[in-house]
Amino acid sequence: MRIDAISIFPEYLAPLELSLIGKARQEGLLDLRVHDLRTFTTDRHRTVDDTPYGGGAGMVMKPEPWAQALESVLDAVGPSNGHPPADNAAADGSSPVQSNRPPTLIVPSPAGEVFDQRMAHELASREHLVFACGRYEGIDDRLLDWASGQFDLRPVSLGDYVLNGGEVAVLAIVEAVGRLLPGVVGNPDSLVEESHADGLLEYPVYTKPSNWRGRDVPEALLSGNHAGIARYRREQQLIRTAARRPDLIARLDPDALTGVDVDALLQLGFEVQSGRVVRASGD
Ligand code: 6GU
């Protein structure tokens, strides 16, 4: 996978040299390049922002440095990428193959679609991601309109709170997406049994000693009975998710639940009603 990240604070993205993602880059699994937006300005002061039309607080990022930066990224990857979607259909009208998709342009913004594990998987299937890190009050909207003709445009939010810029979102999204790429996480089994893999939070984990400061590891985990351990862990997932994230319980597909799951959910105050998991009415 290729990733380009454009920012006025390229140093903010230095952590992408560390740990799993840094290793993936060294091994050639991930071609990640960071660009300084100011190198695409032409004035003496390397201006990237200006006052907003219509007035109001704060500054708005000028469109031209962004267009220059994004065009340089498109030029660098060559004409096989960067076509508008309409140009991608094969001559016989079949769907475009993935390698002919335009690069995905992720614009971090509190006004974007909320990032989650489903989106991480979707982005991991793309060949080329480009991140445009806005600062201040955002980027002139005409730039986004222009870019939607060259890229698959995705405004993405980390959640319902406000950050000063998109760099932290790049760190989060690249880590979440990068670890899904083949070969990045050493043991792929660890991707299967983790929070959100099946719409539930992860079960609690324990290691030695079996008694620590008077606290025992749950008996079920010491038995060596694999079916019993799996049942215990699944129940713990349901208990945790019901307590911390009842919104995730409501999104479960009842057809993916076993009878044992449904019984556990009933104990936790949820029931299946007309094909949905809902809070039990209590009558
Ligand atoms: Cl992606 N950007 C900014 N600036 N603030 C945010 C965010 C992103 N996600 C949540 N808050």
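A nitrogen atom of the ligand lies 2.4 Å from a polar backbone atom of Tyr-161, a polar contact being a pair of N or O atoms within 3.5 Å. The model is predicted, so local features need pLDDT of at least 70 and side-chain atom pairs count only at pLDDT 80 or more, while totals for chains, interfaces and linings use all residues. Residues are numbered from 1 along each chain as its sequence is written, and side-chain values use heavy atoms, with hydrogens and water left out.

- A ligand nitrogen is 2.8 Å from a polar backbone atom of Leu-158, and a ligand nitrogen is 3.4 Å from a side-chain N or O atom of Ser-157.
- The protein buries 96% of the 290 Å² that the ligand exposes when taken alone (Shrake-Rupley method, 1.4 Å probe).
- Residues around the ligand (a heavy atom within 4 Å) include Pro-108, Val-156, Gly-159 and Ala-169.
- β5 gives three residues to this shell, the most of any element (strands are DSSP E runs of at least two residues, helices H or I runs of at least four, numbered from the N terminus).

**Nonpolar cores**

- The largest nonpolar core has 28 residues, and Phe-115, Phe-131 and Ile-173 have the most contacts inside it.
- Such a core is a set of buried Ala, Val, Leu, Ile, Met, Phe, Trp, Tyr and Cys residues joined through side-chain atoms within 4.5 Å; buried means under 20% relative accessible area (1.4 Å probe, protein chains only).
- α5 gives the most to this core, with seven residues.
- Beyond its neighbours within four places in sequence, Phe-115 is in contact (heavy atoms within 4.5 Å) with residues including Val-156, Ser-157 and Ile-173.

Notes:
Buried < 20%, exposed > 50% of the residue type's maximum accessible area, 1.4 Å probe, protein only. Polar contact = N/O pair within 3.5 Å; in protein donor to acceptor, adjacent residues only side chain to side chain.
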